[in-house]
Amino acid sequence: MTQIAQIILLAAGLFDFLVILWHDVLTLQECSFDNTDYSKLLKDSSEFTSPKRLIGLAVLLGLCTNMAMMSWIVVLILAAVLIIQGVEILIREHGKRPKATKRAKHIYVAVIILAVLVLAVATACLYYRGGATDAYRGTALLELLILIGSPFLTKAINGLFGSQE
């Protein structure tokens, strides 16, 4: 049952990551794909201490507790928190943001590909070293770290795309 709970947590974390990443990419688009303006906006709006980032951090910390290691129910509760947050962001942002440009979509896909590659390699290494449960749990921890740092990934990939459209 623990492995199933860890897989559900992985899926919930991926869903939440995709929603938050989309929000980050659209915010970057509103800043005309300028990393300096994007950084200033993130700092001015206190984005790094916003509830969506703090919930991701809280789930990450909760996953590191002994209760999460011993109880699959705790892992499912943490997964539910991520799913509820993702759905809430989708409902709140529905129709309020501009349409994504081609460059925004390319950045979104590039960040997803990078994150999936990192997670796949981490899962394979952890599976080889410790078995399935350790692999799922370790990958979930890494996934939450990527979720928290998604603005940095967005800025990095935007920098790789070069100058503005």
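Throughout these legends, a residue is buried when its relative accessible area is under 20%, exposed when it is over 50%, and partly exposed in between (1.4 Å probe, protein chains only). The model is predicted, with local features requiring pLDDT of at least 70 and side-chain atom pairs pLDDT 80 or more, while totals for chains, interfaces and linings use all residues. Residues are numbered from 1 along each chain as its sequence is written, and side-chain values use heavy atoms, leaving out hydrogens and water.

**View 1. The helical chain as a whole.** The chain holds 8 helices and 0 strands (DSSP runs numbered from the N terminus; helices are H or I of at least four residues, strands E of at least two). Its radius of gyration is 16 Å, close to the 15 Å given by the globule rule for 165 residues, so the chain is as compact as a globular protein of that length (taken over C-alpha atoms; the rule is 2.2 Å times the number of residues to the power 0.38). Along the principal axes, the C-alpha atoms fill a box of roughly 50 × 30 × 25 Å. Buried residues make up 40% of the 165 in the chain. Of the contacts (heavy atoms within 4.5 Å) between residues at least 6 apart in sequence, 82% join residues at least 24 apart.

**View 2. Residue Q6 in helix α1.** Q6 is found in helix α1. With 1% relative accessibility, Q6 counts as buried. Beyond its neighbours within four places in sequence, Q6 is in contact with L63, V75, Y136 and R137.

**View 3. The largest nonpolar core.** A nonpolar core is a set of buried Ala, Val, Leu, Ile, Met, Phe, Trp, Tyr and Cys residues joined through side-chain atoms within 4.5 Å. The largest such core has 22 residues, of which F17, L21, V25, I107 and V111 touch the most other members. At least two residues of this core come from each of α1 (2–30), α2 (35–44), α6 (102–130) and α7 (132–148). Helix α1 provides the largest share, 7 residues. In soluble globular proteins, nonpolar side chains tend to be buried together.

View 4. When residues up to four places away in sequence are not counted, V111 touches F17, L21, L153, T154 and I157.
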